[in-house]
Amino acid sequence: MINYIHYITKQTEEHNFDNISRTEAYLNYYSQHPEIEWAFLASIVSRNAGWNMTDLKLPMFQLLLGKTSCDKLFLTYEEANARIFADAYPQLLIYALSKKEKRPLFYLLQYFNVSQYMKNEWIHFWESKQKTRLVMSLIVNEQHIIEKPIIQKHSVFRELPYRMQNRLKLNAVLLPTITGKLYGSYTKDFTKLHRRIELGKTIYSLLFQQHIYKQCYQFSKQIPHTGSRYDYEQFFSIKLPSTPPLRQLYSHVTFKENEKEDWSLNVPIPKKWSKPKIIHHIKKMTLSFYFKRWLIYFYYLIKKWFINVSNSFDE
């Protein structure tokens, strides 16, 4: 048992180095254990987190949001994703070990402070093999993991730059392809727990539509994650300002791991959370998402021009 705990702890710490390592770890895990569909979902969401992080280094976002707000947003994104990985990856490894040993090892979950809710769900999955139910459960669990330490405590969500982004729906979770087509959904009211859960369920339902899954998985396997939107923008017919890779922009960040509370002991779990989202209409996101980005870019150019003109008069 001690060897198991040491192995899981070491692997989790090693792969929780930054956004790049987390994204790769999720995808590699899914490639080995395709029945754990949440791992592929997590790799795609992690890619989007990296793109959002490098966006913050673009001059247009630095000018519009302010450098201080951009720095705060990066640390918030990084901590949220690191906390989710620290909770979820031991669960994935324990399942993989259980498969290898051909017996459930979910008693190990207690040594990684995993919620009672997920202990029950893993046992249920081991017995029932209900893939979708496990995905729904992991979505619910991981959003609760960041609710108190990140969403409720970080002031950045109450500040004007974030509220402006939320109001204009500037952020989205995108499902990339090597054809240049983008699918996905906009993020709205990210500070509301039920909205984040519904977003996760929506992205999962879209991602595992057969034609989207094939294209997105092909992209994931062929295109290494760098954190730059150029990963998928290289397939566009028009060229846009993009950032260098994430590791050229940000240094490694460490966070103090506070003792986790078991959220599931005090929170009622509505039945609707375990129900998958049914998607009736699938729309491509490319035009709508990039129309907004072009508007931001033009606004940035105009604002920069006025600043330059004002400075010239002051001289």
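**View 1. The crossing of helices α1 and α5 in the predicted model**. Helix α1, residues 2-15, packs against α5 at an angle of about 135°, and the two axes are 9 Å apart. On the α1 side the contact is made by Y4, Y7, I8, Q11, T12 and H15, and on the α5 side by F85, A86, Y89, P90, L93, I94, L97 and E101. By class, this contact of α1 with α5 comprises ten nonpolar, three polar and one charged residues.

**View 2. The packing of helix α2 along helix α5**. The axes of α2 and α5 come within 11 Å and cross at roughly 25°. Since angles under 35 degrees count as roughly parallel, α2 and α5 are therefore roughly parallel to each other. The crossing in which α2 passes α5 is left-handed. Helix α2 contributes N19, R22, A25, Y26, Y29 and Q32 to the contact, while α5 contributes E78, N81, A82, I84, F85, Y89, L92, L93, Y95, A96 and K99. Sorted by class, the residues of the contact of α2 with α5 are eleven nonpolar, three polar and three charged.

**View 3. The crossing of helices α3 and α10**. Helix α3, residues 37-55, and helix α10, residues 210-222, have axes that come within 12 Å and cross at roughly 65°. Here α3 passes α10 in a left-handed crossing. The contact is formed by F40, I44 and R47 from α3, together with Y213, C216, Y217, F219 and S220 from α10. Of the residues in this contact of α3 with α10, six are nonpolar, one is polar and one is charged.

**View 4. The largest cavity and the elements that line it**. The count of cavities of 30 Å³ or more comes to three, and the largest of them has a volume of about 740 Å³. This cavity is lined by 37 residues, of which V45, N81, Q143, V173 and F190 are the closest to its centre. Two or more lining residues are given by each of α2 (19-32), α3, α5 (67-101), α7 (131-152), α8 (160-168), β1 (172-175) and α9 (193-207). Among these elements, α3 gives the most to the lining of the largest cavity, with eight residues. The lining residues divide into 22 nonpolar, eleven polar and four charged.

View 5. By class, the lining of the second largest cavity has six nonpolar and two charged residues, and no polar ones.

Methods: Residues numbered from 1 in each chain as written. Predicted model: local features only at pLDDT ≥ 70, side-chain atom pairs only at ≥ 80, totals over all residues. Heavy atoms only, no water. Axes fitted to C-alpha atoms, helices over the stretch in contact; angles between N-to-C directions. Helix = DSSP H or I, 4+ residues; strand = E, 2+ residues; numbered from the N terminus. Left-handed = near helix turned anticlockwise from the far one by under 90°. Contact = heavy atoms within 4.5 Å. Nonpolar A, V, L, I, M, F, W, Y, C, P; charged D, E, K, R; others polar. 1 Å grid on protein atoms, 1.4 Å probe; cavity = no way out; pocket = protein on both sides within 12 Å on 5 of 7 lines; lining within 4 Å. Points joined across faces, edges and corners; volume = space filled by probe spheres on them. Parallel < 35°, antiparallel > 145°, perpendicular 65-115°, else oblique.
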